[in-house]
Amino acid sequence: MTHSEDLNNVLLSESKIADLEKAIVNHLIYLLGKDPVDTQQRDWFEALARVVRDLLTTQWMESMRSYYLQDAKRVYYLSMEFLMGRALGNALQNMRCADEFRHALEEMGLRLEDVSQCEAEAGLGNGGLGRLAAWFMDSLASLHMPGFGYGIRYEYGMFTQQIEQGWQVEHPDNWLRYGNPWEFPRSDVIYRVQFKGHAQLVTEENQSARYVWAETEDVMAMAYDTPIPGYGGKTVNNLRLWSAKASRDFDLRYFNEGNYIRAVEQKTQSENLSKVLYPDDTTQMGRELRLRQEYFFVSATLQDILSHFTTDHDSFMDLPDEVAIQLNDTHPSIAIPELMRILVDEYRLDWEQAWDITVRTFAYTNHTLLPEALETWPVNLLSRLLPRHLLIIYEINRRFLAEVSRLYPGDVGLLRRISLIDEEHGKRVRMSHLAIVGSHKINGVAKLHSHLMQTTIFRDFAKLYPDRFINITNGVTPRRWLDQANQGLSALITEAIGPAWINDLERLRDLQPFADDAAFRERFRSVKCANKVVWAGKCLSLTGVAINPASLFDAQVKRIHEYKRQLLNVLHVVTRYNRLLADPSQRGPSRTVIIGGKAAPGYHMAKLIIKLINDVAKVINDDPVAGDRLKLVFLPDYNVSRAMALIPAVDLSEQISTAGTEASGTGNMKMALNGALTIGTLDGANIEIREEAGAENFFLFGRTADELAQLREQGYNPWDRYHANPELKKAMDMMASGAFSPDDPGRFQPLVDSLLQGGDRYALLEDYGSYMAAQDAVDRLYLDQDDWTRKAILNVARSGNFSSDRAIKTYAEEVWGVVPRRT
């Protein structure tokens, strides 16, 4: 009997351990060509992953077949990032068969945990954007929704971060070095993607005119499919990633002449398109490659979507009833003129009809309030790279501005503000404006974010299209971030209230009475302590720093950026250190401060903050006065796997961005779900977390967004705060004087200057005093472990609203119009 026949006889609900053992060994022998007597841990992982993939595939095909038979409306989620994390543990957990496979491996002398560590983590994202896309894929499948993800199969993902002498150093993330056992290459699913050339107006035999995109440079997009299982394994959806291939392998003429480099030059240039996630856009070549990537994946995706649609539908007027396309931020917004090009140029629809179809098909999620983060492209670059699309954008803009002029005659300022073309900064296309005008729904990702979006950066559009703007607060998947990441707490919760919470997070409300149960609080504390011991061991192996598991674990893990205010956290740590030096006998809980995250390669100030963290950590961690009472740790190469190890151990969640700058944040949700208390500002989803958890269970500090706006209007002088607060002044003076950088005393002067000379854009000095007061409140509460635990349990119990399932249900009902499939 072959390995596939073995596998077909295995039903996991009734599987025998021996059957799984045999399936794994057969995959090892017949698919990998390895002898079980002489093999490595990685080979066992490959064999195990393929067994699990085979089990997924049957349900995957059944899910796809049912969508077709039920003629289900489909949602297509377009994202430049998908930060999925390791697939093995997630698949086993969602299929509810982890125990069976664990036992099978143990019978073979292997540990599932060890084998799982061999899986490379695909870093196909930079942060929250990619993680959100991954969670939404999980929720779509868990809710049996016909959802399909589309993105790019980057050969090298987000860089691997190493810390060398305190500095961030980027190394390539070669996640495909050993192949990817989860994906199915689709050499039969390949599309032509065009660039450059020119848009030529031609006259047809019937005297009608249309544009032809001629003399283009072509790249081929080939599909790679990955099955995404939902909870319970009944529905398995598809993530399709595109890889760039040359339209021809090499030029034989040059090869025969001996010019081997020239012979493969076009192939190399073409395939560079999907080589690296987010090329450095500080150069002209980097910016062009970024735009090429965006159009590459959008063009292939729309061709694929329409290929499926036209198989069973004759009229494009039905497209919005059968297809919903969600744009995850502005990166895929070039899809709007691309769909118009296809409908008008290739299928000969008239403009008004094509535009109506386009607007009803697309929806747009905005993820930022920072004007500099809203993507724009130079007109001259679009003209050279996508000439037909620029003409379409001009026509969209012309018709849009004409309509607004009719509604608001003579308001030139309004037209200038809302135009798709920014005329004031060298003629650039505003991609967020394009996404808004071309979508029927635009959503923010937290209540405050959506409010500010409609009252600040997009207020004119909100006035024009009040029915288009809605809020859908982000959420996280409880399967990965509690059931899988924190199995001790998951088991405790299930014992107390049953397992229904895993697929209905609002059921965590049933946990509230247990906050007043002394025995439950003790068991809850025991789980947290066990998680902290495990993390302390991982911390030692990753950083070389020995930390006290009994200390308060205080974590700020997220992308390094000035608005996220890791620098404010460092000022707090330095102040805490100074207090210890001034009075070594002071009482209070020990504190371990953990900061992790990556800085963009070209972002000098963020990289300097990382260096500061490491330099301050060296001084504090080497000082016997601090001892176990204060440690500062920088966690290198923060990713999904390290987050899953750390977050269950965290006591205090640092969510300290400047009010009005963070769109939502999801680290705040994951930590609250795992029993951490939050110290934070009224920013992003912090507001809703505080409302749900209760103000008494949240450490609030800092000015509100409105207060900061008023402060700026009145004239904010950071020097006043510096001189008024001796502790703040001392901490900043230490940074400026070289106390943490004796080898280069002026190293951190740019950071100090950004606060004092640069106007303190993100109000660190303004919020420092209330931040320190909130930290003092944290210390006082942590001394009362029983009360701290009670509040931690309430944070877990009141986290139900922050599920990605709830977010997806809202999208399905208010934006996409899709329903679960019949299972």
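# Notebook: packing and backbone in a predicted model

**Entry 1, Ser-432.** I began with Ser-432, which lies in helix H18 (residues 431-437). The model I am reading is predicted. I then listed its contacts, leaving aside neighbours within four places in sequence. Ser-432 touches Thr-330, Tyr-364, Leu-374, Glu-375 and Phe-458.

How many aromatic pairs does the model hold? My count of ring pairs, with centres within 6.5 Å, comes to 23. I examined one of them, Phe-400 with Phe-461. Phe-400 belongs to helix H16 (residues 387-407) and Phe-461 to helix H20 (residues 459-464), so the pair ties together parts that are 61 residues apart in sequence. I also checked the accessibility of each partner. Phe-400 has a relative accessible area of 6% and is buried. Phe-461, at 2% relative accessibility, counts as buried too.

I noted one aromatic cluster formed by Tyr-67, Tyr-76, Phe-148, Tyr-150, Tyr-191 and Trp-242. I next looked up charged side chains placed over rings. The charged end of Arg-153 sits over the ring of Tyr-224, at 3.9 Å from the ring centre. For Lys-670, the charged end sits over the ring of Trp-481, and the distance to the ring centre is 4.4 Å.

I turned to helix packing. Two packed helices are described by the angle between their axes and the distance between the axes. Helix H3 (residues 41-69) packs with helix H4 (residues 87-94) at an angle of about 40°, and the axes are 11 Å apart. That angle makes H3 oblique to H4. I recorded the crossing of H3 past H4 as left-handed. Which residues meet in this packing? From H3 I listed Phe-45, Leu-48, Val-52 and Leu-56, and from H4 I listed Leu-88, Ala-91 and Leu-92.

I repeated the look-up for helix H31 (residues 726-737) and helix H32 (residues 749-756). Their angle is about 140° and their axes lie 8 Å apart. Angles over 145 degrees count as roughly antiparallel and 65 to 115 as roughly perpendicular; H31 and H32 are therefore oblique to each other. On the H31 side, Met-732, Met-735 and Ala-736 make the contact. On the H32 side, the contact is made by Gln-749, Leu-751, Val-752, Leu-755 and Leu-756.

Finally, I looked up backbone angles. Most residues other than glycine have a negative phi. Where does Gln-165, with its positive phi, lie? Gln-165 is in the loop between strand S3 (160-164) and strand S4 (167-171). Its phi is about 55°, although Gln-165 is not a glycine. At 74% relative accessibility, Gln-165 counts as exposed. Lys-427 is a further entry, with a positive phi near 55° in a residue other than glycine. Lys-427 is found in the loop between strand S13 (421-422) and strand S14 (428-430). Its relative accessibility is 37%, so I noted Lys-427 as partly exposed.

Key:
Residues are numbered from 1 along each chain as its sequence is written. This is a predicted model: local features need pLDDT of at least 70, side-chain atom pairs count only at pLDDT 80 or more; totals for chains, interfaces and linings use all residues. Side-chain values use heavy atoms; hydrogens and water are left out. Rings of Phe, Tyr and Trp (its six-membered ring) pair if their centres lie within 6.5 Å; planes under 30 degrees apart count as stacked, over 60 as edge-to-face and the rest as tilted. Helices (H or I, at least four residues) and strands (E, at least two) are DSSP runs, numbered from the N terminus. Buried means under 20% relative accessible area, exposed over 50%, partly exposed in between (1.4 Å probe, protein chains only). A charge sits over a ring if NZ of Lys or CZ of Arg is within 6 Å of the ring centre and within 35 degrees of the ring normal. Axes are lines fitted to C-alpha atoms, for helices over the stretch in contact, and angles run from 0 to 180 degrees between N-to-C directions. Angles under 35 degrees count as roughly parallel, over 145 as roughly antiparallel, 65 to 115 as roughly perpendicular and the rest as oblique. A crossing is left-handed if the near helix is turned anticlockwise from the far one by less than a right angle, and right-handed if clockwise. Contact means heavy atoms within 4.5 Å.
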